[in-house]
Amino acid sequence: MRWVVTGTNRGIGLEMVRQLAARGDEVVATVRDVAAAHLTRALADASGGKVRVVACDVRSDADVGNLAREVGELPVDVVVNNAGVMGKMLSLEGLDLADAVSTFDANALGPIRVVRALLPALSRSRASVKRVVQVSSGMGSITDNTSGGAYAYRMSKAALNMANKSMSVDLAARGFVCIVMNPGWVQTDMGGSGANTPVDVSVRNMLGRIDALGPDDNGAFFDHKGGTFPY
Ligand SMILES: NC(=O)c1ccc[n+]([C@@H]2O[C@H](COP(=O)([O-])OP(=O)(O)OC[C@H]3O[C@@H](n4cnc5c(N)ncnc54)[C@H](OP(=O)(O)O)[C@@H]3O)[C@@H](O)[C@H]2O)c1
């Protein structure tokens, strides 16, 4: 399988590249700063050419266009939109709207840019289904929001979920399965010190779910343990 995974210099994305490389899959691993992405580059160096590191800020049309050029004529079987930011955690009164716009750009529009640019490559996949995975969050669930706050993050992930729903409808006839994943509360920079899920466990669970995807899963919101999560 050939994967494109965004945001792979640390956290969930880095661990995903590590596990995919260990099982011999091919990965185009995007990072914002290739020179600083020592751990991702080390995985690439040890992969015998199977892992490639490509620069991409998902807020940049030019970067995403370059990513598509780097993929070239190769088929891509799975795109994982993992790159994301928390945004500032501010009250309703104190909300920084410029930060909210930037968060929305990275978390909601970034995945649309990436999928749009990689549609030709995904269309060339000969896998049983062409997989698009949005790494969203339980905080993007409207049903699950009982604690309020986190406007920029929650809104951006809810928008991502809606984008995925439309993609799942628009691309179904072309053999795509587009899903949303909640990775859990994961021990990364974003998850912070209170997080209860080791990153290797979250990623192993997500990969198991992604591997098993079939046409009936199109449009679903999964949590990393394999069950579904409410929109
Ligand atoms: N950790 C959790 O508990 C948790 C829970 C629910 C959902 N998630 C989601 O899981 C995904 C990964 O989170 P994480 O915990 O691994 O976070 P993380 O440790 O903060 O890593 C975030 C990754 O996204 C990259 N990134 C941020 N903005 C980007 C942009 N504009 N373009 C390209 N890459 C960008 C970062 O690159 P730089 O180093 O260059 O900033 C980094 O590689 C995110 O979408 C997050 O919302 C995480």
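Residues are numbered from 1 along each chain as its sequence is written. In this predicted model, local features need pLDDT of at least 70 and side-chain atom pairs count only at pLDDT 80 or more, while totals for chains, interfaces and linings use all residues.

Around the ligand stand 28 residues, of which G7, G11, A83, G84 and G191 come nearest; a residue is near a molecule if its C-beta atom, placed from the backbone, lies within 6 Å of it. Two or more shell residues come from each of α1 (11-22) and α4 (97-123), and α1 gives the largest share, three residues. Helices are DSSP runs of H or I with at least four residues, and strands are runs of E with at least two, numbered from the N terminus.

The axes of α1 and α2, lines fitted to C-alpha atoms over the stretch in contact, come within 10 Å and cross at roughly 10 degrees. The two helices are therefore roughly parallel to each other (angles under 35 degrees). L14, V17, R18 and A21 of α1 make the contact with L39, T40 and L43 of α2 (C-beta atoms within 7 Å).

R32 lies in the loop between β2 (26-31) and α2 (38-45). Leaving aside neighbours within four places in sequence, R32 is in contact with A55 and D57.

Key:
Two residues are in contact if their C-beta atoms, placed from the backbone, lie within 7 Å. Axes are lines fitted to C-alpha atoms, for helices over the stretch in contact, and angles run from 0 to 180 degrees between N-to-C directions. Angles under 35 degrees count as roughly parallel, over 145 as roughly antiparallel, 65 to 115 as roughly perpendicular and the rest as oblique.
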